[in-house]
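User: I'd like to walk through this model with you, a few questions at a time. Can we start with the overall picture and then zoom in?

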Amino acid sequence: MLAQLLAPFRRSPPEAKASRTARLVALLSAGRPRWTPRDYASLTREGFARNAIAYRAVRLVGEAAASVPLVLLDKGRERDAHPLLDLLDHPNPRLTRAGLVEAICCHLLVAGNAYVEAVAVDGAVRELHLLRPDRVRVVPGPDGWPEAFDYTLGAQTVRISQETLVPGAEVPAILHLSSFNPLDDHYGFAPLEAAAQALDLHNAASAWNKALIDNAARPSGALVYGGSGSLTEEQFERLKGELEASFQGAVNAGRPLLLEGGLDWRPLSLSPKDMDFEAARNSAAREIALAIGVPPLLLGIPGDNTYANYAEANRALWRQSVVPLLRRVCEALALWLGPAYGGGLTLVPDLDQIEALSAERSELWARVSAAEFLSDAEKREAVGYGAR
């Protein structure tokens, strides 16, 4: 009796499709985008290892910064020989000065953080070693400033204290360089993170192109049977086999689809032309270059070029990206290691050795040389050199 009363309220079983042609229908719907996780490992894989635009842009800035000679000033006077220069020229048996500068700059661009560890022997700094940013964690002290760094490799973690390495001088063991991050007190914000969505779009476009080449002629739509009744099992299997054998794969790309027996083809997706596919891919590439600070013209990205020629774009790269980043790295290294050698040391890039800026430097030298009201010492200082 109770079952009869509850029968009208029971949910009816789901409707089942009896037609075999249902397997030929592809239902497409727009879902939510899936973005790459914004952590160092994911950004490195998706933004550096799998994206040619980001890889070339990061290497372009890093290699350019590493190619600039460095000048050491001791209380305003240029020093040609100094223990700090020797240390920077040979940081450790496996690294050179150019490799050290390039790695620091690339870590800042990819991770937003760069860590350099100093090794002291008998109270003197002997070697410098780079630490992978994803393996380092900041350990804040009671006052909020970092008092140590945890370096984790596999299941082992080593805590590196920030106590001074040189007696009588403030030389902590770890130099931490970080990009500006308005939302974090300790960790920097990576430029690649700002371009994460553009990276996903560009990588997805490349993957789509590869899939299009591998399976270009696979129908993106539905075959609708307009006849009476439904296809038999034999007809369905024969049609399925013909589609797989004759219209899938790169070999069959572009082959026309011949229909018979009441079959009708209805496309269900937009063509690359309708999606403005290539323009979207180039726009994503420009966003990646913009986030890293490289003019798109230098990367061969088509579109609106705002520079008159290649030389102007190259000069903009140096002035707006490479030189500011290199100066920041030099200042941090001198401030960190300078106290170990008595202080008063300044490390600056030698802009006279940058060929892309030679025209600007020539104009500066000409203006300073023509200024008769300046003394020789003031002229040297104006062009970036110390006193004699």
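Predicted model: local features only at pLDDT ≥ 70, side-chain atom pairs only at ≥ 80, totals over all residues.

User: What percentage of the 388 residues is buried?
Analyst: Buried here means under 20% relative accessible area. By that cut-off, the share of the 388 residues is 37%.

User: Among contacts with a separation of 6 or more, what share comes from residues 24 or more positions apart?
Analyst: Take the contacts in the protein chain with a separation of 6 or more. Of these, the part that joins residues 24 or more positions apart is 64%.

User: Let's go to the sheet with S1, S2 and S11. Which strands stand at its edges?
Analyst: This is an open, antiparallel sheet of three strands, in the order S2-S1-S11. Each edge strand has a single partner, so one side of it is left without a neighbour in the sheet. Neighbouring strands are turned by 40° against each other on average, direction ignored. The edge strands are S2 (77–79) and S11 (345–349).

User: Which residue in S11 is the bridge partner of Leu73?
Analyst: Strand S1 covers residues 70–74 and pairs with S11 in the antiparallel sense, over five bridges. Across from Leu73, the partner in S11 is Thr346.

User: Now the sheet with S3, S4 and S8: what is the average twist from one strand to the next?
Analyst: Three strands form this open sheet too, in the order S4-S3-S8 with antiparallel pairing. From one strand to the next, the twist averages 20°.

User: What angle does helix H5 make with S3?
Analyst: H5 spans residues 97–110 and packs on the sheet, where it touches S3, S4 and S8. Its direction makes an angle with that of S3 of about 145°.

User: Which helix lies across S1 and S11?
Analyst: The helix in question spans residues 310–337 and runs at about 160° to S11. A helix also lies across S3, S4 and S8, running at about 155° to S8. In both cases the helix is H10.

User: How many nonpolar residues are in the contact of H3 with H10?
Analyst: The axes of H3 (residues 52–66) and H10 come within 9 Å and cross at roughly 65°, and the crossing is right-handed. On the H3 side you have Leu60, Val61, Ala64 and Ala65, which meet Leu317, Trp318, Val322, Leu325 and Leu326 in H10. No polar and no charged residues take part, and the nonpolar count is nine.

User: Is Asp122 buried or exposed?
Analyst: Asp122 is in the loop between S3 and S4. It has a positive phi of about 55° although it is not a glycine. Exposed means over 50% relative accessible area. Asp122 has 78% relative accessibility, so it counts as exposed.

Notes
Residues numbered from 1 in each chain as written. Heavy atoms only, no water. Pairing = 2+ DSSP bridges. Helix = DSSP H or I, 4+ residues; strand = E, 2+ residues; numbered from the N terminus. Axes fitted to C-alpha atoms, helices over the stretch in contact; angles between N-to-C directions. Contact = heavy atoms within 4.5 Å. Left-handed = near helix turned anticlockwise from the far one by under 90°. Nonpolar A, V, L, I, M, F, W, Y, C, P; charged D, E, K, R; others polar. Buried < 20%, exposed > 50% of the residue type's maximum accessible area, 1.4 Å probe, protein only.
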